[in-house]
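The exercises below ask you to read a structure step by step, beginning with a boundary between two chains and ending with single side chains. Try each task yourself before you go on to its solution.

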Number of protein chains: 2
Amino acid sequence: MTSTRVPQADRTRAMRARLLEATVELLVERGFAGTSTTLVSERAGVSRGAQLHHFPTKNDLVVAAVEHLTERRGAELAEAAAALPAGKRRTRAVVEMLGDHFSSPVFAAALELWVAARTDETLLAAVAPLEQRVGREAHRMTVAALGADESRPGVRELVQATLDLVRGLGLASTITDDSARRRRILREWADVLEKELTT
Amino acid sequence: MTSTRVPQADRTRAMRARLLEATVELLVERGFAGTSTTLVSERAGVSRGAQLHHFPTKNDLVVAAVEHLTERRGAELAEAAAALPAGKRRTRAVVEMLGDHFSSPVFAAALELWVAARTDETLLAAVAPLEQRVGREAHRMTVAALGADESRPGVRELVQATLDLVRGLGLASTITDDSARRRRILREWADVLEKELTT
């Protein structure tokens, strides 16, 4: 039996990861209302008992899932950003990367969670601090990737505006495929941003 | 009896308006999943039969409701924008007006509809053309309000970016009250936009 050779901690970690991945997939495919803990355990191939042990409620599961994947994608982004060249090409590349990130399935899953939390107090209590942490982290990462100097007046606001812009574009992309439009807007935005950051 | 003195067409119009207002209120308060046709008819004080006659399904009702209120709010915005002074103050005022509009209850109702449509093909078939029409109308109105010259390179993209930015800020505002942050970002962006539009 394989199970005797794989340490328990590793198996637990793998099982949790499967549950979280399955939850995000279901949020993307069926939305918040269409995601049930039964569907998650089926898709993850995890027993109901084990699932309930780790995540007692649907809210625990969806919050953990979006947190997990947002953090993983954030780390990937930060790594990719660190490898970019300097100057105007870098600003364009950073803005484009952010645009792609906020149009990905992980964004759709997060959107389902944010919107459900708007009218569900219990969920909101878990989602609001997560959203703030994720927002701060995205801001910090963007400042670093752009090499922006936030001590200069207006720079902090324009970095925030960049993140709100890609969030808005991400929302639009969930119901229409407008990647060509997005690319044109972000290229123009990046050039304006680059000018504002350096002059 | 009052009903003998109010023409039938007026009563029908008033009843439709009550149904649409009640639908938007419920979308804002309870979200898409929590909005039912029964709750709408109760709140609007309209019989089930009359409601079903005008809006046979929940989808008909929610799409008509968001369309109705978006158009009404759009017309109010266009009127307010026309009365604004010229120059930098105008750009700031237009951007701030858009920011307020996209953080209003009507935006929350539209958001519920957009997100539900992402995972519901029938709803998407009705929502996608509405979203495009509303988007084009918002763009046209913003160009007019800003007095922007779209024949100049980049101007069209920056107007679109402004609308995507306020959409992103609107999304953020649905779960955290960040009106102070929004004001700072939009003031900074308005100044950059004004510069880009005029030089």
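**Exercise 1. How many residue pairs are in polar contact across the interface of chain B and chain A, and which elements of chain B take part in that interface?**

Solution. Begin with the rule: a polar contact is a pair of N or O atoms within 3.5 Å, where within protein one must be able to donate a hydrogen and the other to accept it, and residues adjacent in sequence count only if both atoms are side-chain atoms. Applied across the interface of chain B and chain A, the rule finds twelve residue pairs, both residues being at pLDDT 80 or more. Next, look at the side of chain B that touches chain A: helix H1 (8-30), helix H6 (105-118), helix H7 (121-146), helix H8 (155-173) and helix H9 (179-198) of chain B each give two or more residues to it. Helices here are DSSP runs of H or I with at least four residues, numbered from the N terminus. Among these elements H8(B) gives the most, with eleven residues. Finally, sort that side by class: there are 20 nonpolar, eight polar and 13 charged residues, where Ala, Val, Leu, Ile, Met, Phe, Trp, Tyr, Cys and Pro count as nonpolar, Asp, Glu, Lys and Arg as charged, and the others, Gly among them, as polar.

Before going on, note that this is a predicted model, in which local features need pLDDT of at least 70 and side-chain atom pairs count only at pLDDT 80 or more, while totals for chains, interfaces and linings use all residues. Residues are numbered from 1 along each chain as its sequence is written, chains are lettered from A in the order in which they are written, and side-chain values use heavy atoms, with hydrogens and water left out.

**Exercise 2. How many salt bridges does the rule find across the interface of chain B and chain A?**

Solution. A salt bridge is a side-chain nitrogen of Lys or Arg within 4 Å of a carboxyl oxygen of Asp or Glu. The structure holds 30 of them over all chains, and across the interface of chain B and chain A the rule finds eight. One salt bridge joins the side chains of A:Glu157 and B:Arg184, at 3.8 Å from N to O.

**Exercise 3. Which parts of chain B does the salt bridge of B:Glu25 and B:Arg43 tie together?**

Solution. First take the distance, which is 2.9 Å from N to O between the side chains of B:Glu25 and B:Arg43. Then place the partners: B:Glu25 lies in helix H1 of chain B and B:Arg43 in helix H2 (residues 37-44) of chain B, so the pair ties together parts that are 18 residues apart in sequence. For accessibility, buried means under 20% relative accessible area, exposed over 50%, and partly exposed in between (1.4 Å probe, protein chains only). B:Glu25 therefore counts as partly exposed at 38%, and B:Arg43 counts as partly exposed at 35%. B:Arg43 also forms a salt bridge with B:Glu29, whose closest N and O atoms are 2.9 Å apart. B:Glu29 lies in helix H1 of chain B, so this pair ties together parts that are 14 residues apart in sequence.

**Exercise 4. Is B:Thr199 buried or exposed?**

Solution. Locate B:Thr199 in the segment after H9 of chain B. Because its relative accessibility is 69%, B:Thr199 counts as exposed.
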